[in-house]
Amino acid sequence: MFFPHSLPFLSFSFNLLVVALEEKIIVSKLGDNATLSCIYQGRELHLKNLRIYWQIADDQEECSVVHALISGQDNESEQCIHFKNRTQLFWDRLENGDFSLLLLNVSQSDEHTYKCVVLEKTEYTRVIHQAEVVLSLAASYSQPILSGPIRNSDSTGEEVTFSCRSGNGYPEPNVYWINKTDNSHLPPSELKITPHTDGTYSVFSTLKVKATSNMQIECSIENKILRENLSANYTQQKQSNSSSTGSHKNLEKNGRGAQAAGIVSIVILIGLLAVLTCWLWRRRSSKHVSYTGNE
């Protein structure tokens with residue numbers, strides 16, 4: 001009887017007699033299903049003569065069996081508890097030499113190098129195919145949020161602080177601060193990476209620099225496994241602009257008030273002139289009557 005724990009020895013013994021070890025690297029996102037590839041491109045096979053073992057190749061723990069199929073039936077007797085009800089072979093592909101394994105709902109603890117060993121038993125048991133698959137896991141980080149100072153027009157030369165945050169990613173990211181005026185990298189003042197219960201990370205970083213008249217700062221979050229690079233750019237905000245805008249609005253408001261006051265003053269002046277003219281006319285008329293009477 002062939003036991004899984006003897007696989008490393010048998011694999012080594014038969015390696016020179018069979019095919020070279022095939023190795024692949026796949027990347028899966030946390031919580032997704034991952035397909036570990038193991039494809040034999042030789043002659044036609046009969047399931048009843050096959051034994052297919054998937055095992056962890058990079059771990060020295062006592063339990064290393066991920067999935068086993070013997071004589072056309074799944075064998076769970078030595079399967080690691082961690083993989084119970086989480087592995088499936090593609091039954092419609094087996095006789096065509098596709099022994100790939102579907103691993104459900106992957107997590108960080110599934111990051112391993114996996115080995116597929118296919119044995120055929122006819123007159124004697126022999127290894128007809130081997131493959132190794134390196135499973136790397138990743139999760140995309142959220143779009144970084146970059147906060148910067150609201151500058152005064154006279155703040156050039158003063159120390160200002162930028163902050164950048166992102167989350168829900170895996171594995172730990174690389175964080176870069178970049179001066180876009182010359183594309184130089186700036187050392188962060190603070191970098192804090194926090195793990196969460198679901199295995200993902202959040203990142204928070206700050207940058208302190210001397211203010212210049214034309215600051216262009218970028219925060220970049222890199223996930224090497226996914227080859228993702230998310231960035232956010234600082235849009236310079238000058239308080240003097242908002243102040244001058246406010247002043248312009250105040251001046252416009254004051255101008256309208258002054259214009260209204262001027263109109264009111266003119267109306268009052270015209271009224272006063274009308275009253276004065278009327279009074280003078282009446283007085284002149286009364287004097288003329290008195291003079292006539294005296295004659």
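Trainee: Where is tyrosine 141 placed?

Mentor: Tyrosine 141 is in the loop between β9 (125-138) and β10 (145-147). Strands here are DSSP runs of E, at least two residues, and helices are runs of H or I, at least four, numbered from the N terminus. This is a predicted model: local features need pLDDT of at least 70, side-chain atom pairs count only at pLDDT 80 or more, and totals for chains, interfaces and linings use all residues. Residues are numbered from 1 along each chain as its sequence is written, and side-chain values use heavy atoms, with hydrogens and water left out.

Trainee: Why is tyrosine 141 called buried?

Mentor: Buried means under 20% relative accessible area, exposed over 50%, partly exposed in between (1.4 Å probe, protein chains only). Tyrosine 141 has 5%, so the label is buried.

Trainee: What does tyrosine 141 touch, not counting residues up to four places away in sequence?

Mentor: Its partners include Tyr170, Pro171, Tyr201 and Leu230. Contact means heavy atoms within 4.5 Å.

Trainee: What lies 2.7 Å from a polar atom of the tyrosine 141 side chain?

Mentor: The backbone oxygen of proline 171.

Trainee: What makes serine 163 buried?

Mentor: Its relative accessible area is 18%, so serine 163 counts as buried. Serine 163 is in strand β12 (residues 159-169). Beyond its neighbours within four places in sequence, its contacts include Trp177 and Phe204.

Trainee: How many aromatic pairs are there?

Mentor: The count comes to three. Rings of Phe, Tyr and Trp (its six-membered ring) pair if their centres lie within 6.5 Å; planes under 30 degrees apart count as stacked, over 60 as edge-to-face and the rest as tilted.

Trainee: Why is the pair of phenylalanine 83 and tyrosine 114 called edge-to-face?

Mentor: The centres are 6.3 Å apart and the planes stand at 80°, so the pair is edge-to-face. Phenylalanine 83 and tyrosine 114 are 31 residues apart, and the pair links distant parts of the chain. Phenylalanine 83 is buried at 1%. Tyrosine 114 is buried at 0%.

Trainee: What makes the pair of tyrosine 170 and tyrosine 201 stacked?

Mentor: The planes are at 15° and the centres 6.0 Å apart, so the pair is stacked. Tyrosine 170 is in the loop between β12 and β13 (174-179), and tyrosine 201 is in strand β16 (residues 201-210).

Trainee: Are tyrosine 170 and tyrosine 201 buried or exposed?

Mentor: Tyrosine 170 has 10%, so the label is buried. Tyrosine 201 has 17%, so the label is buried.

Definitions and conventions. Polar contact = N/O pair within 3.5 Å; in protein donor to acceptor, adjacent residues only side chain to side chain.
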